[in-house]
Amino acid sequence: MKRWNGPLFVAPAFLHLLVFALVPIGYAGYLSFFKMHLIRGERHFVGLHNYSFLAGDASFWNAMWNSARYALLSVPIGMVVGLGVALLVNQRLRGVTIFRTLYYIPSIASAIALSMLWIYVFLPQNGMINTFLGWLGIRTDTDFLANVSWAMWALVIMAALNGVGPKMILFLAGLLNVPPELYEAAQLDGASKPRQFWKITLPMLAPTTFFVMVTSTIAAMQIFTPVYLMTKGGPEDSTDVVGYHIYQEAWVRFNTGLASAQSFILLAVIAVIAVFQFRIQRRQLAGYGT
Amino acid sequence: MSPVKPVGRGFGLGVVLAALLLLGASSPAMRVFDGAAGIYGLFLVGTGSTKKAGSYWLLTLLAFILFAPFIWMILVALHPPKTPIPPLAEIIPHEPAWSNFKQVLFSPTLPISRFFFNTIFVTSTVVALQLLITSMAGYGLSRLRWKGREVAFWLFLGSMMFAGPVTQIPVYLLLKSLGWLDTYYALIVPGISSAFSVFLLRQFFLQLPFELDEAARIDGAGDWTIYSRVILPLGKPALATAGAFTFFAVWTDFFNPLISTNSTQMRTLEVGLSIFKNSYGGENWPLQMTAALIVMAPLVIVFLFVQRFFVRGIMLGSIK
C-alpha cells in the first residue's frame with residue numbers, strides 16, 4: 001500500500017502530462033504521415049511524402065531561416081540588455097528596487113496590448129521613433145513594420161526591451177552568487193574594473209548565461225503572437241517565422257498532416273540546438289574548472 | 001567618497017543653470033535636450049557624486065524608453081473616439097474623454113464584460129486546480145522514494161522544453177472529439193497541470209528539512225497528512241510563486257483560447273481585445289488604447305502585489 005503513495009501523488013499531474021503533452025507529441029508524429037484536411041476530415045496515408053515535399057519547399061525553409069535569424073538577433077541582444085540592466089540595478093543606490101519592478105512590468109503585460117503599443121511606436125506618421133528622429137533633425141517616414149529591411153529588427157528590438165525582466169532577475173541572482181572575496185583579491189592585485197568584469201564576473205556567470213541562452217533560444221524559435229498581431233509574416237514573408245507558418249498551414253489552410261510534419265521538424269531542430277548548446281557549455285565549464 | 005561631493009554638487013548646479021539659460025531659446029529638439037540636461041544637473045546636486053548621478057540617469061532613461069509607449073497609451077485613451085493619431089506635441093488631451101471607458105466596457109458590438117468574466121473565471125479555476133495537482137506531484141517527486149521517480153521527473157522537464165507548437169493540432173482534435181470546443185472545459189482542462197509548476201514546487205520542497213517528515217511519521221502521520229499539514233503550510237511561498245506565474249500565463253494566454261473557442265461569448269479578454277483591434281481597424285486609436293489599458297490595468301495591479309514571489313520563483317527555476 002505504502003509504496004504506491006509516490007506514484008499516486010504524481011498520478012494526476014502525470015496523467016495530464018500524458019494526455020496533453022506526451023501522447024499529442026506522438027500523435028503529431030503519426031499525423032505527419034497523412035494527407036489530412038482539418039475541416040473535411042479526409043485522411044490518406046502518404047508515408048514520408050510530407051517530409052520529402054517540405055525538403056524542397058522554399059517557403060517553409062524561408063520560415064525556418066526567419067526564425068533562426070530572429071533567434072540569432074534577439075537572443076544575444078536580449079542577453080546583453082539583460083546583463084547590462086542587471087549590472088545597473090545591482091548597484092547600492094537608494095530606490096533601485098523601484099527600477100527593478102518597473103523594468104519587469106512589460107514582461108507581464110499582455111502581448112496584445114504590447115503589440116498595439118509598439119505598432120504605434122513603429123508607425124510612419126506621428127509614430128514614436130519617427131517623431132524622435134524628426135526632433136533630432138532626421139526626417140523620415142519609414143514604416144518600420146512594412147519595410148523588408150526593418151520589420152525583423154522591429155520585432156527584435158521590441159522583444160529585447162520588453163522581455164528584459166526575467167533575464168535581469170536571473171543575471172542579478174547570478175551576480176549576487178559571486179563571492180565578494182574574488183573582487184577583493186583582484187583589487188589587491190591591482191586589476192582594473194573592466195578586467196574584473198571580464199576575468200571574474202563573466203566566468204562566474206557562465207551557468208546563468210547558459211540557462212538564459214538555452215531558454216531564450218527555445219522561446220525565440222517558437223515566436224508567434226507578435227508576428228500574428230503586428231506583421232502577419234510580411235512584408236514579403238520577411239517575418240514569416242516558422243511558428244506563424246505552422247499556424248497558417250494548420251488553422252488557415254487546414255493542412256493538418258503537413259503542419260504536423262512542419263512542427264515535427266521544428267521540434268527536431270530545437271532538440272538539436274539544445275543538445276549542441278549543452279555540449280558547448282560542458283566544454284566551457286570544464287575550461288573554468290568548475 | 002566625501003571629497004567628490006562638493007565637486008559633484010557644483011558641477012550639477014552649473015549644468016542646471018546652463019540648461020535654464022538655454023531653455024526656451026530654440027527648437028523643440030533643443031528644449032528636450034535642455035530639459036534632460038537640467039534634470040541631469042538636479043541629479044548631480046541631489047546625489048553629490050557624478051558616478052551615482054550617471055547611474056540614476058541611465059536608470060531613468062531606460063525606464064523612460066520602456067514606459068514611453070505606456071504613457072502614450074494612457075494619454076491617447078483619453079482623446080475623443082476616432083481622433084487620428086495625435087502628433088507628440090498635441091498628445092495631452094484638451095479635455096479627457098472619460099466616456100471612452102464606458103463606451104469600451106459596455107460596447108454594443110463586443111461584450112467586454114463577458115470577456116472579463118471568462119478570463120477571471122478561467123484564470124482562477126486554473127490557478128486553484130493547478131496548485132493542488134502540481135503540489136501533489138511536487139511532493140511525490142521530492143519527499144517520497146519510488147521506482148521510476150527520476151524517469152517521471154525527466155519527462156516533466158523534457159516536455160517543458162520541447163512541447164511547443166507540436167501539441168496544438170492533437171490537443172485540438174482531442175478537445176473536438178470530447179465535444180469540448182468552445183466550452184469552458186477547453187479553456188480550463190488543458191491548463192490544470194503544468195510541468196513548470198511541478199518543477200518549481202519540487203525544487204522548493206527538496207529544500208525543506210527531511211526531519212520534519214520523519215518526526216511526523218513517528219507520530220503516526222500518513223503521507224496525505226504530511227503533505228497537507230506539514231509540506232503545504234511550509235511551502236506557502238513556493239505556492240504563491242507558482243500561483244503568480246500561472247496567473248499571468250493564463251490571463252495573457254493568446255494562442256490556446258484563439259484556437260479552442262470561436263463564439264464571441266466564449267472569448268477571453270486577450271482574444272476579445274484582438275477582435276476589438278480588428279473590428280475597429282487601425283482607425284480608432286483612442287478606443288483601442290482604452291481597451292488595451294483596461295486589459296493591462298489588472299495585470300499591473302496584481303503584479304505590484306506579487307512581484308516579490310516572481311524574483312524568488314525565477315531564481316528557484318534556474319537551479320539545475
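Is helix H7 (residues 168–177) of chain B mostly covered or mostly uncovered, and how many of its 10 residues are buried? In this predicted model, H7(B) is mostly covered, with 7 of its 10 residues buried, where buried denotes under 20% relative accessible area, exposed over 50% and partly exposed in between, with a 1.4 Å probe and protein chains only. The buried residues of H7(B) are Gln168(B), Ile169(B), Pro170(B), Val171(B), Tyr172(B), Leu173(B) and Leu175(B), and the helix is followed by Gly179(B), whose phi is positive, near 75 degrees. Helices (H or I, at least four residues) and strands (E, at least two) are DSSP runs, numbered from the N terminus.

Residues are numbered from 1 along each chain as its sequence is written, while chains are lettered from A and ligands numbered from 1 in the order in which they are written. Local features need pLDDT of at least 70 and side-chain atom pairs count only at pLDDT 80 or more, whereas totals for chains, interfaces and linings use all residues; side-chain values use heavy atoms, with hydrogens and water left out.

Chain A contains 14 helices and 2 strands, and its C-alpha trace spans about 75 × 70 × 35 Å along its principal axes. Of the 290 residues of chain A, 51% count as buried.

Between the chains, 85 residues of chain A are in contact (heavy atoms within 4.5 Å) with 89 residues of chain B. The two chains bury about 7,700 Å² between them, 83% of it on carbon and sulfur atoms, this area being the accessible area (1.4 Å probe) that two parts lose on being put together, summed over both. On the side of chain A that touches chain B, helix H1 (residues 5–31) of chain A gives the most, with 19 residues. The residues of that side divide into 68 nonpolar, 14 polar and 3 charged, with Ala, Val, Leu, Ile, Met, Phe, Trp, Tyr, Cys and Pro taken as nonpolar, Asp, Glu, Lys and Arg as charged, and the others, Gly among them, as polar.

Leaving aside neighbours within four places in sequence, the contacts of Trp72(B) include Leu117(A), Tyr120(A) and Met128(A), together with Trp285(B) and Met289(B).
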